[in-house]
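This report concerns the structure shown below.

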Amino acid sequence: MLEYLIRRLAGTIPVLLAVTILVFLFVHLLPGDPARLVAGPDASPQDIAAVRSEMGLDKPLPMQYLRYLGETARLNLGRSIKTHQTVAELIGERFMPTLLLTVFAMLWSVTAGVAIGVLSGVKRGRWIDQTAMVLAISGVSFPGFWLGLLLIDLFSVRLGWLPTGGYGSWQHFVLPAFTLGVAVAAVMARFTRSAFVEITAEDYVRTARAKGVPERSVVWKHTLRNALIPIITLTGLQFGFLLGGAIVVETVFAWPGLGRLLVDSVAYRDYPVIQAEILLFSFEFVLINLIVDLLYGLVNPEIRLR
Amino acid sequence: MSDAVLSAPLLRSPSAEFWRRFRRKRVAVVSACVLLLLILMAIAAPWLAPYGPATPDYDNVLAGPSLLHWCGTDTFGRDIFSRILWGGRISLTVGFVSVALGGLAGVTLGLAAGFFGGLVDSLIMRVMDVLLAFPGILLAIGVIALLGPGIANVIYAIATFSVPVFARLVRGSTLALKRTLYVQAARSIGVSAPLLMLRHILPGTLPSVIVYCSLRVGTSILTAAALSFIGLGAPPPSPEWGTMLAEGRSYLGVADQIMLFPGLAIFVTVLAFNLLGDGLRDALDQRLR
Amino acid sequence: MRHLLTRILLVTFLACGSSAASFAAKDLVVGVPDNLTGLDPADLNDNLSQSAARLMFEGLYMLDEHMKLQPQLAESYEANEEATLFIFHLRKGVTFHDGTPFNAAAVKASFDRAGNPENHLKRQSLFVMIDHTDAVDDYTVKVTLKYPFGAFVNDIAHIGALIVSPKSVQEFGKEVTRHPSGTGPYAFVSWTADTLKMKKNEHYWKPGLPKLDTITYRSVPENGARIAMLQTGEAQFIYPVPPEMIKSLENSATITIFDEPSIYVRYVALNNLRKPFDDPRVRLALNYAVDKQAFIKVVLSGRADPMDSPMPPLLGFYQKQGSYPYDPVKAKALLAEAGYPNGFEITLTGGVSTLVQRGMQFIQQQLAAVGVTVKVEPLEAGVLTAKEFNVKTPEDASIVMLYGGWSSSTGDADWGMRPMLYTKAFPPVLANLAWYSNPTTDAAIEEGLNTTDPTKRAAAYGKAQAQVWHDVPWIFLAVEHNLAAYSKNLTGASMRPDQQFHLNEGADLK
């Protein structure tokens, strides 16, 4: 097990390094003088010179990269061009809202998705199954930002039950978390159902049934447990989708999180913030996938032998 | 042996078999028809649309649906139905072109990786891993941050994050197909590598690629609309569906038609692509196994 | 396992819920459209940050909600006839939030810092006429000017001249923008992401004031979200309310609408030094090509008045000039006369806000009808400012057509004309983004500045307005209304004509 862990970690590190290289190269790939880009459009010549020496732009590129790596590891991510706060501070402020939103969306969508998937699998062919699957494929095809607007129109503007956006009490979480989780719930439902159907057809389940094992036991002990493995893997992958989806949902609901910060920064060309955000998002994504892989390895011993 | 000969006339060719199975899935067939219709409408937009995409009518602003304007009008009195037709050209173009670009690159890389193995494989798949380290829309936003907003750059951005998925898919198929008898046979008689890849392996990977393409076009259209919605894609006064939704945001509860119909257009289009993809996958499933 | 999960969820929810305000105290929440850019009054360009600064800082004089001059930290002043010497008598018994006393030394330190060109503070141009400032004694300040400046008292009533605690500058240097310390009715508590918190200044020099316990600025760019905040009671004052949404709020039992003419003039600045706009016939043609009434109706939902002079009616010394009515036929004829019978292609630059984009699209549509093809170029604030002002010579200017506007934040005619229409106001000095230059106008503007005699000033500004109206450097569009909405139980809150949020010291929540 330990060997597997080390092997997977070792595999992840090159990817993470490659990501840092790409992010580092970002300001160098853009047209123009990197120092000017980082200092901002209304920086004085002295400011630009200061940034230039800070970034070590006179040194060779690999040296600059190492400097960048060192600074980033120390959480010195530069300063926002727009607000002049340190990027670390900006991100720190926005981290919690996004985390909470993503976690709540994840919780409800995975639970609901798997539950619906199991229900559909068990009642295969019946109207519950048909309806659920229609809803599921609609959920995957629905533009998240449209759903958000529709919900705001109905529940906030017309009915006045919930706020249209912003962050504060639990009421603020309802619509954004729901909107964010819909696509994930839909995917989980479809996947769980098909995994369920596949496994139920397996010989060992049929044997259990033939042996007279009670249906509930068949469903829970035999089918679901085995379906759990691919479901866990899928959950991890969906987390990446949630991260991306959060970017759009936060914009619709005026959520003070990392996603909206990224959109605002791209529009404002606030390069220090853009770089840090891209780095953060992809690191989170890679790490989640790593954790999922490790969990998978834990649950499924076969994988470890590879 | 004699049984096989006797039953030979009843065996259909693989493609005929596929069509037979596909035709049986009504939903998929309906989606295919709907998509065909949408494509035709988009192509015929200049003749079909009752108004231009930017024709203002200051006496009829923010009007609800009526006989004159089937989907109502927006802030400037522009006909929303016409704009949806014109916007369809943009959405479908972005969807198809980005998937074509990404697919072409991805399939090529996947074939090479799977076929040559070794260092080539490692290198290519490592790069793909790095691209996959970014959640889809984030990569697209990163590319846009580099290239600037606009619909052309949206196409490149979306193509970029399609590449690794196609590559992985094709690599997997290639690895499996490499081991089949007929490929081994072809190799042993000295068929050249490019010919092998193109004539013997590529066709084998196509079914799953086609299924994936259909699903991917749907995702691409969705992502393009999302990018336009957050202001990084087609700017106003473009009739791009996402851009129209962004404009409709200001009028929630006041003039819902601006938000309702473009969103519906996106939904129907993406749904049709997804259902088609599903149907294709089911019809091809037996063959893949 | 299940119980633990439930407990974790419960605690997280409660933690979120407890951040909602407790309504026993008098807490005012203001919903604003943007993030603040800073809280150092000498370094602010935007209305929003300035309005927040005015709650925490005070000036020697101030402009009330009608843009009328009132004494604040000074009790009175004297000036000589040439308008080159001003003596201010300061109020006694005032302290800064950090406990240090307010006195003449503090005023001198504040003025010197803001006016020092080496500090690169954005409001430095307000002090450029000051030769030196003397603290004659603890409560008397003498300011000597380099040249006559009749509008000086209005000038220092501008937000840029609010008095900053010298101790805070010593302590924080450049970071003083995040550690504001003034003499105002409210003291700084915190500023994070989109929330600014202020609390009652217990030692405020006006007895019995202020009445509110806390003020919170919540930045909510989403128009719909801001309105919902007001409707749910989360906020008690929101601005701006987009004109198209006023209708939906009019019938509310708990909400009052604020709809007053402002001093914000909306126009399209044409680069007078660049083809084709160097030809006055082209500029005139464009004014006939745009239907101003339709502009007001479609873009501003009727909440504006047509512009009939370079200055808005509420500004002192305004004189109505006339109008350029909608006449596309005439426009085409003028264009043909000027050598553009088939029109031309041009780029219109502006900001990214919804209203601005809508306005630009409207201009694009109108001009298309007379053969002028407009490409719209929306730019984010930082990028736009750079393009506007990072110019070394007029020939370098990259903007040919700018969707813009202006409001005179000093409430005086001078600031309503000189920054945009004076030859010496070419960027980057000031905001003459039309690159307009006419010696007659220059002379009139100088005349208005060199005296404090109202009759002379009226005559001078009359001349200036007439000349500018005749020269058509802009497409004159409209004078916007200020639109805001607030809870019926809030008193003392309003919008100043210069579109700044204004709170009386006696503001109260019943």
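**Chain A**

The model is predicted. Chain A contains 13 helices and 0 strands, so that its elements, read from the N terminus, run α-α-α-α-α-α-α-α-α-α-α-α-α. Its C-alpha trace spans about 80 × 60 × 30 Å along the principal axes. Of the 306 residues in chain A, 41% are buried. Among the contacts in chain A with a separation of 6 or more, 69% join residues 24 or more positions apart.

**Interfaces of chain A**

In the contact with chain B, 37 residues of chain A meet 35 residues of chain B. On the chain B side, at least two residues each are supplied by helix 6 (118–132), helix 7 (136–147), helix 10 and helix 12 (257–288). The residues on this side of chain B comprise 24 nonpolar, 7 polar and 4 charged.

In the contact with chain C, 25 residues of chain A meet 28 residues of chain C. Helix 5 (87–122), helix 7 (144–158) and helix 11 (258–268) of chain A each provide at least two residues of the side that touches chain C. Helix 7 of chain A gives the most, with 3 residues. Here the chain A side divides into 10 nonpolar, 10 polar and 5 charged residues.

| Helix pair | Angle between axes | Distance between axes |
|---|---|---|
| Helix 10 (residues 193–229) and helix 11 (residues 241–248) of chain B | about 40° | 7 Å |
| Helix 8 (residues 280–289) and helix 10 (residues 328–337) of chain C | about 165° | 8 Å |

In chain B, helix 10 and helix 11 pack at an angle of about 40°. Helix 10 of chain B is therefore oblique to helix 11 of chain B. Their crossing is right-handed. From helix 10 of chain B, the residues in contact are B:Ala224, B:Ala225, B:Ala226, B:Leu227, B:Ser228 and B:Phe229, which meet B:Trp241, B:Gly242, B:Thr243, B:Leu245 and B:Ala246 of helix 11. This contact consists of 8 nonpolar and 3 polar residues, with no charged ones.

In chain C, helix 8 and helix 10 pack at about 165°. Helix 8 of chain C is therefore roughly antiparallel to helix 10 of chain C, an angle over 145 degrees being counted in that class. The crossing of these two helices of chain C is left-handed. Helix 8 of chain C contributes C:Arg281, C:Val282, C:Leu284, C:Ala285, C:Tyr288 and C:Ala289, and helix 10 of chain C contributes C:Pro328, C:Lys330, C:Ala331, C:Leu334, C:Leu335 and C:Glu337. The contact residues are 9 nonpolar and 3 charged, with no polar ones.

**Individual residues of chain B**

B:Leu138 lies in helix 7 of chain B, one of the helices that supply residues to the side touching chain A. B:Leu138 counts as buried because it has 22 C-beta neighbours inside 10 Å, where 20 or more are required. Apart from its neighbours within four places in sequence, B:Leu138 is in contact with A:Gly244, A:Ile278, A:Phe281 and A:Ser282. Within its own chain, B:Leu138 is 23 residues from B:Phe161, and their C-alpha atoms are separated by 9.3 Å.

B:Ile258 belongs to helix 12 of chain B. B:Ile258 is buried because 27 other C-beta atoms lie within 10 Å. When neighbours within four places in sequence are left aside, the contacts of B:Ile258 are B:Asp74, B:Ile80, B:Met244, B:Glu247, B:Gly248 and B:Tyr251. B:Ile258 and B:Met41 are 217 residues apart in sequence, and their C-alpha atoms are 20 Å apart in space.

**The largest nonpolar core**

The largest nonpolar core has 310 residues, among which B:Ala140, C:Ile238 and C:Val268 touch the most other members. Not counting residues up to four places away in sequence, C:Val268 touches C:Ile363, C:Met401, C:Leu402, C:Tyr403, C:Trp474, C:Ile475 and C:Leu477.

Note on methods: Residues numbered from 1 in each chain as written. Chains lettered and ligands numbered in written order. Predicted model: local features only at pLDDT ≥ 70, side-chain atom pairs only at ≥ 80, totals over all residues. Axes fitted to C-alpha atoms, helices over the stretch in contact; angles between N-to-C directions. Helix = DSSP H or I, 4+ residues; strand = E, 2+ residues; numbered from the N terminus. Parallel < 35°, antiparallel > 145°, perpendicular 65-115°, else oblique. Left-handed = near helix turned anticlockwise from the far one by under 90°. Contact = placed C-beta atoms within 7 Å. Nonpolar A, V, L, I, M, F, W, Y, C, P; charged D, E, K, R; others polar. Buried ≥ 20, exposed ≤ 12 C-beta atoms within 10 Å, placed from the backbone. Core = buried A, V, L, I, M, F, W, Y, C linked by C-beta atoms within 7 Å.
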